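Me: I have a new structure open and would like a quick tour. Can we go through it piece by piece?

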There are 2 protein chains.
Amino acid sequence: MTMPTSEGRREGDGLLDPVAIPQACAACGVRSLTVCAPLDNQALAAVDAIATRHTFEAGQNIFDEGEPSNHLFNVTRGTIKIYKLLADGRRQVTGFLFAGDFLGLASDSAYAYSAETVTETKVCRFRRGQLDELLQRFPQMERRLLVIAGHELAEAQEQMLLLGRKTAKERIASFLLVLSRRAKQAGRSEDPVHVPMSRTDIADYLGLTTETVSRTFTKLKTEGLIQLQAGNMVALSDRVALAEIAETD
Amino acid sequence: MTMPTSEGRREGDGLLDPVAIPQACAACGVRSLTVCAPLDNQALAAVDAIATRHTFEAGQNIFDEGEPSNHLFNVTRGTIKIYKLLADGRRQVTGFLFAGDFLGLASDSAYAYSAETVTETKVCRFRRGQLDELLQRFPQMERRLLVIAGHELAEAQEQMLLLGRKTAKERIASFLLVLSRRAKQAGRSEDPVHVPMSRTDIADYLGLTTETVSRTFTKLKTEGLIQLQAGNMVALSDRVALAEIAETD
DNA sequence: CACGCGCTTTGATCTGGGTCAAAGACGGCT
DNA sequence: AGCCGTCTTTGACCCAGATCAAAGCGCGTG
């Protein structure tokens with residue numbers, strides 16, 4: 001695991017409130033999206049006390065499948081991909097994580113997948129044991145985590161439907177719409193939508209090859225359903241047609 | 001939703017112990033596998049008080065995707081498949097559930113998938129609201145559910161790897177080994193392993209067609225890796241070779 | 001115990017997406 | 001501004017698995 005730049009942890013800035021929201025969590029722009037959403041100031045202070053902040057640049061490994069899962073993470077900025085490998089190098093990207101997402105749910109004592117940054121990324125990191133202790137003290141946090149796990153399971157099943165039964169065109173249309181929906185949820189532009197990952201990453205996520213991904217983008221462009229813009233932005237010119245192709249809501 | 005035969009709920013049988021384990025849960029042969037595993041007698045009594053027992057015969061619908069998810073279930077006997085459909089009828093089976101498995105984790109207010117019995121099945125049914133209340137009273141149950149959700153997520157990712165990147169032969173080998181491992185966990189025969197679901201169900205689970213599933217079984221049989229026996233039993237004659245093909249542990 | 005129906009197997013052929021190859025295009029760096 | 005390495009696109013061909021078709025095979029039923 002490559003070592004990230006640690007920014008250490010900033011203390012509260014001495015306000016009058018006895019359980020003042022500490023600086024780092026107070027400054028968190030994505031709290032409402034995270035596992036921390038339901039926490040009161042006291043709980044938030046406890047979270048702040050055990051979290052460390054880290055920055056990874058693009059393309060860095062965060063952890064590998066099989067490693068002891070000593071840390072869990074909250075993504076606060078950027079994009080991460082998680083993936084599994086077969087012995088001969090075939091790769092399946094099982095998810096992309098964005099600001100607000102929790103990283104590490106599917107791991108027992110060892111990580112069930114590898115994680116790598118797609119763009120520059122900031123995370124809050126927790127020691128597993130310390131987080132477990134916190135979950136016991138603040139049941140609302142554990143309950144929130146269970147809700148998040150449920151959503152991830154539903155998403156996983158949607159992805160199985162895509163991988164098992166959809167055509168290349170349907171996969172790309174679904175992918176773009178999901179990306180757009182998630183961007184909207186996170187308060188980023190839903191259209192044009194930012195597609196920060198490479199064709200290879202998209203292919204490995206959708207169970208296709210880069211060539212097929214590229215050809216399919218071209219086809220959708222030719223048919224006037226999307227436009228490829230500068231800076232990896234994709235305009236969804238005909239959302240209705242895309243949704244009809246994708247059969248995803 | 002078809003109506004199952006309700007057996008009602010049996011009361012405790014009046015032993016001296018003030019929190020005697022009530023009859024139905026006491027008789028539960030799969031408790032150690034379920035969400036109820038970590039519960040003490042008091043908690044178990046509370047579970048028993050809100051659970052109703054139901055029997056479904058083979059091929060019955062339990063609920064459909066999109067329905068309000070008023071109930072959650074514990075499978076105590078038999079096999080269930082859960083699946084999602086596309087508008088034109090393409091189907092993806094996203095999981096098979098066996099005795100001990102919890103059904104309903106991935107659902108918010110509506111079920112994220114349909115559920116149907118494969119064999120005759122017995123379940124414990126909970127009203128969502130009542131179970132939620134119990135989870136608040138007994139955090140060890142909530143914690144257990146979170147662990148279960150984590151396992152399901154890891155399993156889902158393994159399945160994405162299968163659907164996105166494995167060949168037909170690798171898929172069948174993986175499927176048989178996972179089925180065998182789960183049978184062992186549940187205390188059933190791991191070899192020969194019981195394969196209760198139809199070729200169509202297997203195909204829809206593995207992202208293949210019935211024809212390909214059938215041909216692949218035949219090929220594995222011809223190569224001496226498996227034997228198809230009476231009563232849907234499959235002997236895994238060469239587990240090592242199967243594991244090498246599957247790259248699954 | 002013969003009949004019929006649904007499931008499974010096998011065969012012949014087709015095709016969506018993979019593979020192999022090469023030409024653009026886009027930065028980043030000097 | 002020009003060069004180089006990487007990523008993306010396009011083209012030609014191929015193949016694993018889908019599709020279409022037709023026997024087998026069990027098993028429940030009268």
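Me: Which residues of α6(A) are buried?
Reply: D201(A), I202(A), A203(A), D204(A), Y205(A) and L206(A) are the buried ones. A residue is buried if 20 or more other C-beta atoms lie within 10 Å of its own, exposed if 12 or fewer, and partly exposed in between, with C-beta atoms placed from the backbone. Helices (H or I, at least four residues) and strands (E, at least two) are DSSP runs, numbered from the N terminus. This is a predicted model: local features need pLDDT of at least 70, side-chain atom pairs count only at pLDDT 80 or more, and totals for chains, interfaces and linings use all residues. Residues are numbered from 1 along each chain as its sequence is written, while chains are lettered from A and ligands numbered from 1 in the order in which they are written.

Me: Is α6(A) mostly covered or mostly open?
Reply: Mostly covered, with six of its eight residues buried.

Me: What covers those buried residues of α6(A)?
Reply: The cover includes β5 (80-85), β6, α5 (168-185) and α7 of chain A. Contact here means that the C-beta atoms of two residues, placed from the backbone, lie within 7 Å.

Me: You mentioned α5 and α7. At what angle do α5(A) and α7(A) pack?
Reply: At about 75 degrees, with their axes 10 Å apart. That makes α5(A) roughly perpendicular to α7(A). Axes are lines fitted to C-alpha atoms, for helices over the stretch in contact, and angles run from 0 to 180 degrees between N-to-C directions. Under 35 degrees counts as roughly parallel, over 145 as roughly antiparallel, 65 to 115 as roughly perpendicular and the rest as oblique.

Me: Which residues meet there, in α5(A) and α7(A)?
Reply: From α5(A), A168(A), K169(A) and I172(A). They meet T212(A), V213(A), T216(A), F217(A), K219(A) and L220(A) of α7(A). By class, this contact has five nonpolar, two polar and two charged residues. Ala, Val, Leu, Ile, Met, Phe, Trp, Tyr, Cys and Pro count as nonpolar, Asp, Glu, Lys and Arg as charged, and the others, Gly among them, as polar.

Me: How do chains A and B relate? What rotation superposes them?
Reply: A rotation of 180 degrees, with 0.0 Å of shift along its axis, puts chain A on chain B with an RMSD of 0.0 Å. The two copies are thus related as by a two-fold rotation axis. The superposition is by least squares on the C-alpha atoms of residues with pLDDT of at least 70 in both.

Me: How many residues of chain A are in contact with chain B?
Reply: 32 residues of chain A, with 32 residues of chain B. α4(A) gives the most to chain A's side, with 18 residues. That side has 16 nonpolar, eight polar and eight charged residues. The copies meet through the same surface, because 100% of the interface residues of chain A are also interface residues in chain B.

Me: Now G164(B). Where is it?
Reply: In helix α4 (residues 139-165) of chain B. G164(B) is buried, as 25 other C-beta atoms lie within 10 Å.

Me: What does G164(B) touch?
Reply: Q92(A), L163(A) and G207(A), leaving out residues up to four places away in sequence.

Me: Last one: how many helices and strands does chain A have?
Reply: Eight helices and twelve strands. Of its 249 residues, 45% count as buried.
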